[in-house]
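Dear colleague,

My notes on what was found follow directly after it.

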Amino acid sequence: MQEQPPNHEDDFAVAHREWLRDWVARNVGDPMGDAVPLEEQGLDSVAALCLCGDIAEEFGVQVEPDDIRAYPTVRGLADFLAMRDARGRGGQIRAAFVFTGQGSQHPGMTGGLYLHSTGYRNFLEEADAALLPYTRQSMVELIVRKDPRVHRTALTQPALFAVGYALARTLQEAGVRPVAVLGHGIGEFAAATIAGALTLPDAARLVSMRGALMQRLPQGGAMMAVCITPYEAADLIAAEPAVGISAINAARSIVLSGDRAALERVETRLAADGVRCRYLAVSHAFHSPLMRPVVPPFEGALRAVPGAAARLPFYSTVYGRLATEPLYAPYWSEQITAPVRFADAARSMLGQQAPTHVVEVGPRAVLTPYLRRLGGGPRGPVVLPVCQGPGSDAVDLAGVISALDAGPLTAALSGA
């Protein structure tokens with residue numbers, strides 16, 4: 001068995017914890033314990049700003065008051081600072097997983113991986129077995145046969161979940177330990193499963209029910225991508241109750257979703273201002289008011305799923321931030337109609353976790369351009385899609401694992 005490298009991040013956390021205890025004693029009062037919220041120890045908004053400045057001066061790490069609110073105890077804030085500091089001190093790989101959502105699917109997706117990667121094949125079959133009692137259709141067969149029915153929502157969502165889960169587990173088996181996870185739309189279910197907030201059987205049940213219920217909705221909805229800000233979009237659709245903002249992918253990359261006739265009226269107004277729109281190839285208006293009929297029956301399925309707090313930092317695209325709350329039933333019912341606040345969640349994750357690498361986990365690269373832009377381009381983290389597209393295979397996967405300093409290929413190259 002290969003010897004595990006020392007965890008310098010733990011050493012950093014001890015040093016940061018001691019410094020924070022001393023800072024609280026000097027500036028706020030005697031510390032009451034590492035697990036007691038700093039607010040209860042007298043840290044008000046003014047003191048929080050001073051703490052941000054002193055952290056930057058002492059460690060060279062830029063933090064914001066929002067970071068202190070996200071990690072409100074000495075222990076939590078020390079661990080957070082250690083994560084940020086380890087990147088500069090140890091050169092360690094810190095990979096975040098971002099799971100792609102609906103729209104990334106294609107017939108035969110990851111078929112090459114299934115045929116030539118034993119690890120991926122085992123994990124895909126594990127997910128398939130969990131889904132089969134509900135879908136009555138093997139996701140493995142769907143993929144291997146390049147079945148075009150993968151574009152039917154009732155099959156799209158479980159297929160994407162199975163692929164995302166299997167890709168992430170394959171990376172984990174190779175030694176890649178994510179420091180945080182984030183999912184776009186249906187990708188949140190795979191993210192929550194990897195983070196331990198959902199079990200594989202519970203996630204399989206929810207994903208299958210969700211896709212089937214959405215498939216049964218009447219046709220007539222549409223989704224439209226447009227390059228405007230969220231504020232401009234909100235003003236634009238104020239008079240259209242059947243239209244909502246379904247996704248905020250970047251500062252000027254919005255997806256509107258809802259009744260097609262209403263969207264066409266919005267498109268006409270945008271065209272008059274010289275703004276072009278692009279309709280997405282979807283069967284329904286996801287994350288829109290037209291999804292509301294799905295919520296009551298879906299809540300019936302949610303009653304049997306306990307949910308839990310994530311064991312890894314889980315960045316919610318419902319909240320647009322780190323979700324410190326357990327992911328119980330209300331979260332997953334709200335997720336159906338809530339806009340996907342991808343830009344906010346990704347920006348928060350990149351700032352708080354300071355990953356060296358961000359891995360897009362899905363059947364093709366969709367979010368990679370947004371992640372590179374949000375991360376600051378060449379100055380930010382390396383962004384790697386596990387699968388570039390239909391041609392991706394086991395060789396591409398080995399390259400990603402090697403870039404993340406994990407797996408037998410890396411060990412062989414390093415002489416281990």
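D344 has a relative accessibility of 29% and therefore counts as partly exposed, where buried means under 20% relative accessible area, exposed over 50% and partly exposed in between, with a 1.4 Å probe and protein chains only. Please keep in mind that this is a predicted model, in which local features need pLDDT of at least 70 and side-chain atom pairs count only at pLDDT 80 or more, while totals for chains, interfaces and linings use all residues. Residues are numbered from 1 along each chain as its sequence is written, and side-chain values use heavy atoms, with hydrogens and water left out.

The side chain of D344 takes part in a salt bridge with R341, at 3.0 Å from N to O, and in another with R347, at 3.5 Å from N to O; a salt bridge here is a side-chain nitrogen of Lys or Arg within 4 Å of a carboxyl oxygen of Asp or Glu. D344 and R347 are 3 residues apart in helix α15 (residues 342-353), so about one helical turn separates them; helices (H or I, at least four residues) and strands (E, at least two) are DSSP runs, numbered from the N terminus. Both arginines count as partly exposed, R341 because its relative accessibility is 29% and R347 because its value is 39%.

By this rule the model holds 8 salt bridges. Among them is the pair E141 and R145, whose closest N and O atoms are 3.8 Å apart; E141, at 37% relative accessibility, is partly exposed, whereas R145, at 63%, is exposed. Elsewhere, a network of salt bridges links E240, R265 and R269.

Strand β1 (residues 95-99) is largely enclosed by the rest of the structure, because 5 of its 5 residues are buried. The cover extends to both faces, with A95, F97 and F99 buried on one side and A96 and V98 buried on the other. β1 pairs in the parallel sense with strand β9 (residues 357-361) over 5 bridges, and strands count as paired if DSSP finds at least two bridges between them. Strand β2 (residues 180-183) also runs parallel to β1, to which 4 bridges join it.

Of its 39 lining residues, the closest to its centre are Q102, G103, V255, L280 and V366. On a 1 Å grid over the protein atoms alone, a pocket is an open set of points where a 1.4 Å probe fits, with protein on both sides within 12 Å along at least five of seven lines, and lining residues have an atom within 4 Å of a point. The elements that each supply at least two residues of this lining include α8 (153-173), α10 (200-215) and β5 (253-259). By type, the lining residues of the second largest pocket divide into 19 nonpolar, 16 polar and 4 charged, with Gly counted among the polar ones.

Finally, S392 sits in the loop between β10 (382-385) and α17 (394-403). S392 has a relative accessible area of 7% and is therefore buried, and a polar atom of its side chain lies 2.7 Å from the backbone nitrogen of Q388.

With best wishes

Key. A polar contact is a pair of N or O atoms within 3.5 Å; within protein, one must be able to donate a hydrogen and the other to accept it, and residues adjacent in sequence count only if both atoms are side-chain atoms.
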